[in-house]
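Open the model in your viewer and keep the selection tool at hand. We will go from stop to stop.

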Amino acid sequence: MQSVIVALALTGAGALRTPMTMSTAVKHVTTKSDAIMKEAATLMPGGVSSPVRAFKSVGGGPVVFEKVKGAYAYDVDGNQYVDYVGTWGPAICGHANDEVNEALRAALEKGTSFGAPSENENVLAKMVCDAVPSVEMVRFTNSGTEACMGMLRLVRAYTGREKIIKFEGCYHGHADGFLVQAGSGVATLGLPDSPGVPPGATQGTLVAEYNNLESVEALLKEHECAAVVLEPVVGNSGFIPPTQEFLEGLRAMTTKYGALLVFDEVMTGFRIDYGCAQKHFGVTPDVTTMGKVIGGGLPVGAYGGRRDIMEQVAPAGPMYQAGTLSGNPLAMTAGIKTLEILSRPGQYEKLTKLTERLVEGILREGKAAGHAISGGSISGMFGFFFCEGPVTCFREATASDTDKFARWHRGMLERGVYLAPSQYEAGFMSLAHTEADVDKTIAAAKEVFATI
Ligand SMILES: Cc1ncc(COP(=O)(O)O)c(C=O)c1O
């Protein structure tokens, strides 16, 4: 694709194009990206490994990254972007953070995989247990999907019950049992449930509506359920916050009906607050899944909870789950340093302030240009919908104008702002972003709103 745009300035021969110098018109050239993606499509399904799944829906292939640093991503054609995807959440300290890199370099010298216990597992486990109210013990995995798979087996093993309740539009990784009304990737591509998932695998999965306690109680009354599983703040249908009443109601209801309450904090864990969303809302689940931020950019997932529940997990207990690379020393190192940085005073306040500035600015400019637009943020997680809002559940999210979103996304990309390529994804701020980045983004948004 060769998109004409007015917002990029070349600063010298071979220099990176710096976005959003409004006076200088150049083209957003993606020739190398396009060539690499063309070849990639012959080698890998859709040409991708990580979830850049939704780019088709915004009218083009993904740009191919060459490097990332701080708040910025650089593509192979030399375009620079202010990045609000942050590798889908993990890059909360900014990409390739110097302190994390330094710790990784030292760890690298000691070996990349042990396949045996290491002290750093204790260190990260202790940090997680100290920070997250519901977690007394934790099991590390390699991804959020693996954490959710382990959690699913655990809640069934602990309760001796099979059924679970999830919510429309919530995503819990790609395990068979969760691929029912699973939000972002599936929703954006308009897929029903995935082929290849046997009906037996989803028979135990019941689906309720987010922020709707009656829909949950009706299911709990009718079925003996092992657990109610949710994103405590939804990021996989776009950004949808819970009401306090909803979370507190789920806590009371699950206790009443003998089901476990599970917060899938793969996205919200250490992003919303150092104690995760459960600390922010003051509602403590029985089991928590994590990922993304706790790996600081390396592959880590985790599930944890009360000691009596976690002691079901092998080899302490009978519920089997293991992984060759789980607790990998490099991944533990990146996680430890990332949490250490996040634990310093003022970090979440900084994320909150910057993110609110961004969201307020975009909503202001969008409304001034006459668009129906709604959105919000908590800490460094945010999102917008092209509809009046407020959006409280997935059904309402699907009422937004996805064609307009596609035009908005392309306009922003062409002006050097990298946003998630789907109406049904959240955005992420990092500690490396500055007020200047945010203000440039708002200025770009103003231009784009005038054209869509
Ligand atoms: C809430 C939630 N759970 C689970 C997952 C799956 O994690 P992963 O992509 O690391 O497998 C994701 C991924 O985006 C997620 O947002």
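The tour below says what to select and what is there.

This is a predicted model, in which local features need pLDDT of at least 70, side-chain atom pairs count only at pLDDT 80 or more, and totals for chains, interfaces and linings use all residues. Residues are numbered from 1 along each chain as its sequence is written, and side-chain values use heavy atoms, with hydrogens and water left out.

**Stop 1: strand S12**

Select residues 260-265, which make up strand S12. Helices (H or I, at least four residues) and strands (E, at least two) are DSSP runs, numbered from the N terminus. Are the residues of S12 buried or exposed? Six of the six are buried, so the strand is largely enclosed by the rest of the structure. Buried means under 20% relative accessible area, exposed means over 50%, and partly exposed lies in between (1.4 Å probe, protein chains only).

Now show the side chains. Leu260, Val262 and Asp264 point one way from S12. Leu261, Phe263 and Glu265 point the other way.

**Stop 2: the partners of S12**

Two strands pair if DSSP finds at least two bridges between them. Find Val228: its bridge partner in S12 is Leu261. To get from S11 to S12, the chain passes through helix H8 (residues 244-257), and this β-α-β crossover is right-handed. Right-handed has a viewing rule: with the strands pointing away from the viewer, the path from the first strand over the helix to the second runs clockwise.

Glu265 stands opposite Met290 in S13. S12, helix H9 (residues 276-281) and S13 make a right-handed β-α-β unit.

**Stop 3: back along S11**

Return to S11. Six of its six residues are buried, which leaves the strand mostly covered. Select strand S9, residues 163-167. S9 pairs with S11 in the parallel sense, over three bridges. Look for Ile164, opposite Ala227 in S11.

**Stop 4: Glu231**

Select Glu231, in the loop between S11 and H8. Which side chain of opposite charge is nearest to Glu231? It is Lys166, 7.5 Å away. Glu231 is buried yet has no salt bridge. A salt bridge is a side-chain nitrogen of Lys or Arg within 4 Å of a carboxyl oxygen of Asp or Glu. For charge, Lys and Arg count as positive and Asp and Glu as negative, while His and the chain ends are not counted.

Show the residues that Glu231 touches, among them Tyr171, His172, Tyr210 and Asp264, not counting residues up to four places away in sequence. Contact means heavy atoms within 4.5 Å.

**Stop 5**

Select residues 374-378 (S15) and 427-428 (S18). Strand S16 is residues 381-385. Three strands form an open sheet in the order S15-S16-S18, with antiparallel pairing. S15 and S18 are the edge strands, each pairing on one side only. Five bridges link S15 and S16. Gly376 stands opposite Gly383 in S16.

**Stop 6: Ile36**

Finish in helix H1, residues 31-43, with Ile36. Ile36 is partly exposed, with a relative accessible area of 37%. Ile36 touches Val64 and Val76, not counting residues up to four places away in sequence.
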